[in-house]
Amino acid sequence: MRQPSFMLCLITSEFCNYNIILYIVRFILLTFKNICSIIISRYKTYVRDDIMNENKNPSENSKKEGTVSSLSSLQKGVYEKLGKDKKQRVILHSDCNCFYASVECLYNPDIRNKPVVVSGNPENRHGIILTKNEIAKKFGIKTGEPIWQAKNKCPELITVEPHFDLYKRFSNMTRELYSEYSDRIEGFGLDEAWIDVTDSERFIGKGENIAREINQRVKKELGITVSIGVSFNKIFSKFGSDYKKPDAITVINKENYKDIVWNSPAQDLLYVGKATKKKMNSLGIFTIGEIANTPIETLRYNFGKWGDVLWAFANGYDTSPVAKINEQEDVKSIGNSTTTPRDLNDFEDVKSVMTVLCDCVCRRLRANGFKAKTLQITIRDKFLMSFNRQMTLDTPTNITKQITESALILFYRSYSWSAPIRSLGIALSDFSEDNTPYQISFFNDEKKKQKLETLDKTIDILKGRFGNYSLITANLLKQPELSHFNPYDDHTVHPVGFF
């Protein structure tokens, strides 16, 4: 009878020993955790004190590396995230001086020594200065201002309509010349390009010498001039090409960038526009150096994620690569807009212009093998007040009739005719491949849709062979003064975004 009692005591004793062991293990783990917390806390305090001492007494190594002495720990984290280049790059940015005007003067010697601007047709209310030559620039004429305003400054001003096919040809010739020095050439509009010559230095010579050779060859072989910036990143090389004009070479390296870049106005930095400049001025930031030395927390608070970007640009931390010649960015949107010859006063006027724009955009969409699901229209009234509206289509499409009807419905819902309309635009985005499968609906006439797709492809072939005006819809005959324009062939190529 006593054996069970003995076994119970033995089990109880072992259970107690187990609890003691468990308690000891917990105590050891808790102690280890506390020790780790103390070590981490002490380390953070040491790092903070070290950073503060470094800010007060910047080391020679920091100066050699070109870092900013007033970096906070968070700024240093961003710097490390952006990363330093193991091998210092050599990047050129070549900018054709007064490109459109220079090409026009080259083909028309009679106007070479006169003030010349390239602009739209004033009779069609496209009278905006696209570019000007150096002589016209001396009169204070600015890109984007109306012709009448420019002629008030210079009564003898000569205006020339643009010839974009010619500009594209010259742009291609400059890129071919650049390709003899590197396979990394990234365009920034028709007249600008980055050239990474880091690997070319071993065979051709220093970046500055390559820039001078390109400068002389463009002048001799093409008859126009280029300004070239030479630097260790894309942002500073573009800054260099704008720093001295025309026909100049500017070298910005890690030894002189603070003297050249940091002392320049804030608006000279890429992506600091009028609104950003105004806001920066209100914060007491007037130069690029002040952007660089402003705590990144302040910039992020006032400008969001662009604060980080501008701070990195100003400090020379841009590490974005120069794309290779055959690399192309994905097309994100396709669009066209136009300023009408007269104000649009009713829905019929809008329908005529919108029909032409939609036809052009859909042709370009089909030429790229895309269908779109998002449609956006831009409306600008006679008082130059503009706004955008967009809608999502039920299914991706590139059918002209569907896009046109959707654009007109969106316009009808969006505009209350508070004023006559001066300009209209349409853009398509959210692309999918033309052959991408999609869910059909019982409520759509798929046979009719297939017929419309076949019709559009046939019209594209005919227009490509016989010209844009070989086939037009009947409603465009009512108001030829509004519908007789060709955005498909005449559209302007604008610079692509940096990102």
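Buried means under 20% relative accessible area, exposed over 50%, and partly exposed in between (1.4 Å probe, protein chains only). The legends below describe a predicted model, in which local features need pLDDT of at least 70, side-chain atom pairs count only at pLDDT 80 or more, and totals for chains, interfaces and linings use all residues. Residues are numbered from 1 along each chain as its sequence is written, and side-chain values use heavy atoms, with hydrogens and water left out.

View 1. Asp95 lies in strand S1, residues 91–96 (helices, H or I of at least four residues, and strands, E of at least two, are DSSP runs numbered from the N terminus). With a relative accessibility of 5%, Asp95 counts as buried. Its side chain is joined to that of Lys245 by a polar contact of 2.8 Å (a pair of N or O atoms within 3.5 Å; within protein, one must be able to donate a hydrogen and the other to accept it, and residues adjacent in sequence count only if both atoms are side-chain atoms). Beyond four places in sequence, the contacts of Asp95 include Asp191, Glu192, Thr225 and Lys245 (contact means heavy atoms within 4.5 Å).

**View 2. Pro341 in strand S9.** Pro341 belongs to strand S9, residues 333–344. Its relative accessible area is 29%, which makes Pro341 partly exposed. Pro341 and Arg422 are 81 residues apart in sequence, and their C-alpha atoms are 8.3 Å apart in space.

**View 3. Helix H17 and its two sides.** Helix H17 comprises 21 residues, 446–466. Glu446, Lys449, Leu452, Glu453, Asp456 and Lys463 are buried in H17. These buried residues fall within an arc of 110° seen down the axis of H17, so they line one face of the helix (the arc is that of the directions from the helix axis to the C-beta atoms). They pack against helix H15 (347–367), strand S10 (370–381), strand S11 (386–397) and helix H16 (400–414). On the other side of H17, the exposed residues include Lys447, Gln450 and Phe466. Gly467 follows H17 and has a positive phi, near 110°.

**View 4. Cysteines without disulfides.** Zero disulfides are found in a search of the whole structure (a disulfide is a pair of cysteine sulfur atoms within 2.5 Å). For Cys360, the nearest cysteine sulfur is that of Cys362, 9.1 Å away. Cys360 is buried at 2% relative accessibility, and Cys154 is buried at 0%.

Key:
The expected span of a helix is 1.5 Å times one less than its number of residues.
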